[in-house]
Amino acid sequence: MKLLMKTVRPYRALVAATLAALLLDVAGTLYVPTMLAGMMNQGIASGSTDFIMGQGLRMLVACCCASGGALLGNYLCARLASYVGRDIRNAVYDASLAFSGSDFEEFGTGSMITRTLNDVNVIQQTVMLATQAMLPVPIICVMGTVLSFKIDPQMGAMMLAVVSVVMVFAVLAVRRAAPVFEKMQGLIDRMNVVLRENIIGVRVIRAFGRERHEEGRMGGVFTDYADAAIKVNWIFAGVDCFSFCLMNIAEVVLIWLGGNRVGAHAMQIGNVSAVVEYAMLIMFYIMMAQFVALMVPRAIVCLKRCAEVIEKTPGIADGRAAGVAASGGSSPSLEVAASAPSDVVAAFEHVAFRFADADEDTLADIDFTCRRGEVTAIIGSTGSGKSTIAKMMLRLHDVTAGAVRFNGVDVRDMSQHDLRERIAYVPQKAWLFSGTIASNLRDGDDDATEAEMRHALDVAQADFVWGLSGRLNSPVAQGGTNLSGGQRQRLSIARALMKRADLYIFDDSFSALDFKTDAALRRALKPETRDAAVLIIAQRVNTILHADQIVVLKDGRIEGKGTHEELMGSCEVYREIAESQMKGGE
């Protein structure tokens with residue numbers, strides 16, 4: 001609820017206007033039975049047409065006010081709810097952008113999708129319906145009961161008893177539904193995960209003939225959700241039946257009691273009609289509030305889930321020096337960067353790294369530098385920690401021990417935005433966004449001209465673009481699934497080349513290229529990156545054969561550093577890799 005109050009606070013004026021409109025609706029609605037009672041007691045009894053016409057005109061005005069208040073209130077409720085939903089969704093999204101890899105994995109992709117879409121939709125709908133149906137209930141209950149007591153104390157006491165019973169039943173129903181809704185949201189998370197796995201891995205499922213198994217797994221998750229939903233619907237059905245039954249019982253009892261009171265000349269027949277109308281209005285509003293109240297536990301669960309994301313402290317945050325620089329001050333660390341030797345762009349100083357849930361270090365005593373104008377390569381077996389080094393340079397992970405420096409400054413003292421603005425990164429899995437080839441290239445430079453994009457594509461050996469019907473405006477599907485693996489890699493490299501950076505990181509970015517294209521691309525890269533440092537992570541020896549420095553990793557430790565020729569003579573691990581890939585190690 002704290003999150004909801006914080007989100008609603010900027011819209012206090014809108015909340016006040018909404019409450020005023022709803023109050024007008026309730027006042028007009030309750031005023032009609034009062035005037036109807038006066039019309040019956042005085043107008044019909046006396047036969048005064050003028051009095052009846054006057055009362056009828058007042059009733060028409062009251063109805064117009066109630067209708068206008070209802071329309072305006074519904075519009076303002078919808079507007080308020082849409083603002084709340086938008087702000088919470090933006091807050092969840094903004095918070096997720098600051099997460100490190102381990103922070104995001106703590107929630108999971110399926111859960112994050114559910115929290116951003118389904119949970120926020122539930123909150124938005126509940127805010128709208130609760131404002132329309134629940135906020136007027138206390139007003140109409142109090143005013144209706146007071147007016148009933150004013151007409152006749154016994155009728156008022158009867159009204160108070162009926163209202164109390166209904167309210168108790170509503171509270172019990174809400175308490176019963178709360179844990180079921182919490183379970184349902186967790187099941188929606190699980191459904192998202194299973195569906196994503198089945199959609200993304202459909203080719204693997206078909207290749208291994210696992211359709212029946214996956215159907216059973218998906219059916220099990222859906223069945224669990226259906227069982228929970230059926231249980232909630234039983235609660236809804238019970239509330240529905242009880243409310244209608246109580247409405248009819250209350251109407252019969254009030255007419256019976258009112259008839260006796262009229263017979264005893266304790267009240268007039270018009271007053272009986274007014275009390276029955278008050279009772280029906282109160283029962284109707286309470287019944288509608290009960291339906292919405294059953295959504296409140298689910299909305300509270302959704303609010304908690306969204307708050308978990310928003311209030312999560314990122315594992316990686318900008319350091320104090322970055323904060324000083326952002327506020328316009330001068331950072332000592334940044335002053336050091338300005339006077340640091342310009343040839344050393346990135347330096348790993350005895351770095352160690354361990355994942356939060358791991359028992360041992362993934363990387364240990366990593367020590368090397370990347371110099372301007374030189375190519376540094378990292379090679380090693382699968383799982384040796386090559387990609388983790390790139391992620392630490394980008395500060396997607398923070399070191400456990402030692403330091404990673406960029407232009408002489410510890411990356412923990414830099415703004416993450418400033419750090420990543422100076423690095424061009426090609427990820428291991430080439431990912432393209434839905435749109436066009438041009439829109440993907442402009443991720444590297446928003447103001448890129450067509451000539452600059454053509455040049456980047458030529459360097460990346462992406463000549464296939466000119467054979468497409470739309471060329472730069474050719475469509476790209478989500479993830480680039482309408483392109484081959486090699487085409488995606490070359491477009492990812494071109495996107496990185498659009499950025500003028502101090503460090504270019506290629507994380508196994510040539511694996512889908514044939515040897516001829518690989519060699520041509522590396523030759524074309526040299527003049528483009530002559531004023532920057534280049535870090536290539538690879539598994540193929542031919543990709544890094546001519547690197548100025550090769551770092552050999554095994555089990556998270558450096559086994560050797562040097563050129564290809566030096567390592568062939570001094571590093572057994574590198575020699576084994578080379579001999580397994582190249583005839584005679586040549």
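Is Cys65 buried, exposed or partly exposed? Cys65 is partly exposed, with a relative accessible area of 32%; here, buried stands for under 20% relative accessible area, exposed for over 50%, and partly exposed for the range in between (1.4 Å probe, protein chains only).

The model is predicted, so local features need pLDDT of at least 70, side-chain atom pairs count only at pLDDT 80 or more, and totals for chains, interfaces and linings use all residues. Residues are numbered from 1 along each chain as its sequence is written, and side-chain values use heavy atoms, with hydrogens and water left out.

**View 1. Cysteines without disulfides.** A search of the whole structure finds zero disulfides, a disulfide being a pair of cysteine sulfur atoms within 2.5 Å. For Cys65, the closest cysteine sulfur is in Cys64, at 7.0 Å, which is too far for a bond. Cys141 is likewise in no disulfide, and the nearest cysteine sulfur, that of Cys77, lies 18 Å away. Cys141 counts as buried, at 10% relative accessibility.

View 2. A search of the whole structure finds 16 salt bridges. A salt bridge is defined as a side-chain nitrogen of Lys or Arg within 4 Å of a carboxyl oxygen of Asp or Glu. In this view the side chains of Arg115 and Glu308 meet in such a bridge, at 3.0 Å from N to O. Arg115 belongs to helix H5 (residues 109–133) and Glu308 to helix H11 (residues 296–310), so the pair ties together parts that are 193 residues apart in sequence. Helices (H or I, at least four residues) and strands (E, at least two) are DSSP runs, numbered from the N terminus. Arg115 counts as buried, at 7% relative accessibility, whereas Glu308 is partly exposed, with a relative accessible area of 43%.

View 3. Glu214 forms a salt bridge with Arg217, and the closest N and O atoms are 2.9 Å apart. The two residues are three residues apart in helix H9 (residues 211–263), which means that about one helical turn separates Glu214 from Arg217. Glu214 counts as buried, at 12% relative accessibility, while Arg217 counts as partly exposed, at 25%. A network of salt bridges links Glu197, Glu214 and Arg217. Glu214 and Gln428 are 214 residues apart along the chain, and their C-alpha atoms are separated by 29 Å.

**View 4. The salt bridge of Asp361 and Arg354.** The side chains of Asp361 and Arg354 meet in a salt bridge of 2.9 Å, N to O. Asp361 counts as partly exposed, at 33% relative accessibility. Arg354 is also partly exposed, with a relative accessible area of 37%.

View 5. Patches consist of residues with over 30% relative accessible area and no salt bridge; like charges are joined within 9 Å, and nonpolar side chains (Val, Leu, Ile, Met, Phe, Trp, Tyr) within 5 Å. Lys2 lies in helix H1 (residues 2–8) and is exposed, with a relative accessible area of 71%.

**View 6. A nonpolar surface patch and helix H7.** Leu195, Ile199, Ile200 and Phe222 form a nonpolar patch on the surface, with about 400 Å² of accessible area together. Accessible areas come from the Shrake-Rupley method with a 1.4 Å probe, and for residues only the protein chains shown count as cover. Helix H7 (residues 153–200) contributes the largest share of the nonpolar patch, three residues. Ile199, found in helix H7, counts as exposed, at 63% relative accessibility. Phe181 is also placed in helix H7, but Phe181 counts as buried, at 5% relative accessibility. Phe181 and Tyr225 are 44 residues apart in sequence and 10 Å apart in space, C-alpha to C-alpha.

**View 7. Leu535 in strand S10.** Leu535 lies in strand S10 (residues 533–538) and is buried, with a relative accessible area of 0%. From C-alpha to C-alpha, Leu535 and Ala448 are 24 Å apart in space, and they are 87 residues apart in sequence.
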